[in-house]
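I opened my notebook to look up a few things in a new structure. Come along and read the entries with me.

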Amino acid sequence: MPVSIPGPARELVLTPEALNQAAFAEFGTVIENPAPSLVPSSRISSLPPNAVQANQGSALKYLDVTHMEDYYPLAPSKVASKAVMNMFVCAPRRPLLPSHGHAHGHGHGHADTRSPEGHFPIEILERHPYTTQTFIPLGLSAAETHRVRYLVIVAPSLPATAADQHLPVPSSPAAAAAPAARDELPGRGLPDLRRVKAFFATGAQAVTYGAGTWHAPMVVVGGRPIDFVVVQFANGVGIEDCQEAELAAENGPQLLVAVRVQPQTPLKL
């Protein structure tokens, strides 16, 4: 059952910025081709960082583009985890709230400067305290950004309080459980709504949420659904696999993300 948290003190509209590793580093990893114009060839004399040649010179292999972390050995239940790969078919969010009459907050970096046609309300955030979670979009070209894309909405954690004392999380550092893991984890606290960030991602980007990172459930905006392969660990114990925080903002100020909407393409059956 979600934890209820107070909504924002005043209405806030976030302008999403383009997803990039520098801005997202606090929350996880952006996975993308760092040199999309480079055609693999055995004749390449200077390889990009972290790349090696593969498949008889016909491919470039970028090593360790993201780290999968499993902290379940530190979970109270001691139930063993397993690596799982699921598919999420995510339809565009409808309806969006009208955008007129709202003041827009400022994003960071390369923000979407086009006039927004709707607002997505952030009503719930979730985290997976004992595992990373990677979303990999399928069948979506970066050239389709004007038609469909997805939002990545994240928040850092507040200091722990009595309101979250029932939520189990791994202790930091947890290098013994996950040798390649970060030295520090977000901790037990609930999401800090004052520091929520929003990004828009293209079909050429996958994203890994760090273990314990508060994030919105997947949000697709635009003209058609997006299929995602989702990779994580899980042990089947609900409160250890996923924890939710629901914003109690009924009839009060809302936390919104400005989005650009394109006409929805009818599905062909």
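I am working with a predicted model, where local features need pLDDT of at least 70, side-chain atom pairs count only at pLDDT 80 or more, and totals for chains, interfaces and linings use all residues. Residues are numbered from 1 along each chain as its sequence is written, and side-chain values use heavy atoms, with hydrogens and water left out.

**Confidence.** I looked up pLDDT, the predictor's confidence in each residue from 0 to 100. The protein has a mean of 87, and 86% of its residues reach 70 or more. For residues 106-115 the pLDDT is below 50, and I found 19 contacts beyond near neighbours in sequence (heavy atoms within 4.5 Å).

**Cysteines.** I searched for disulfides, meaning pairs of cysteine sulfur atoms within 2.5 Å, and the count was zero. Cysteine 90 counts as buried because its relative accessibility is 9%, while cysteine 242 is partly exposed at 28%. Here buried is under 20% relative accessible area, exposed is over 50% and partly exposed is in between (1.4 Å probe, protein chains only).

On a 1 Å grid over the protein atoms alone, a cavity is a set of points where a 1.4 Å probe fits but cannot get out; a pocket is an open set with protein on both sides within 12 Å along at least five of seven lines; lining residues have an atom within 4 Å of a point. I noted 14 residues lining the largest pocket, with Gly7, Pro8, Ala9, Leu193 and Arg194 nearest its centre. The lining of the largest cavity includes Arg127, Pro129 and Val169.
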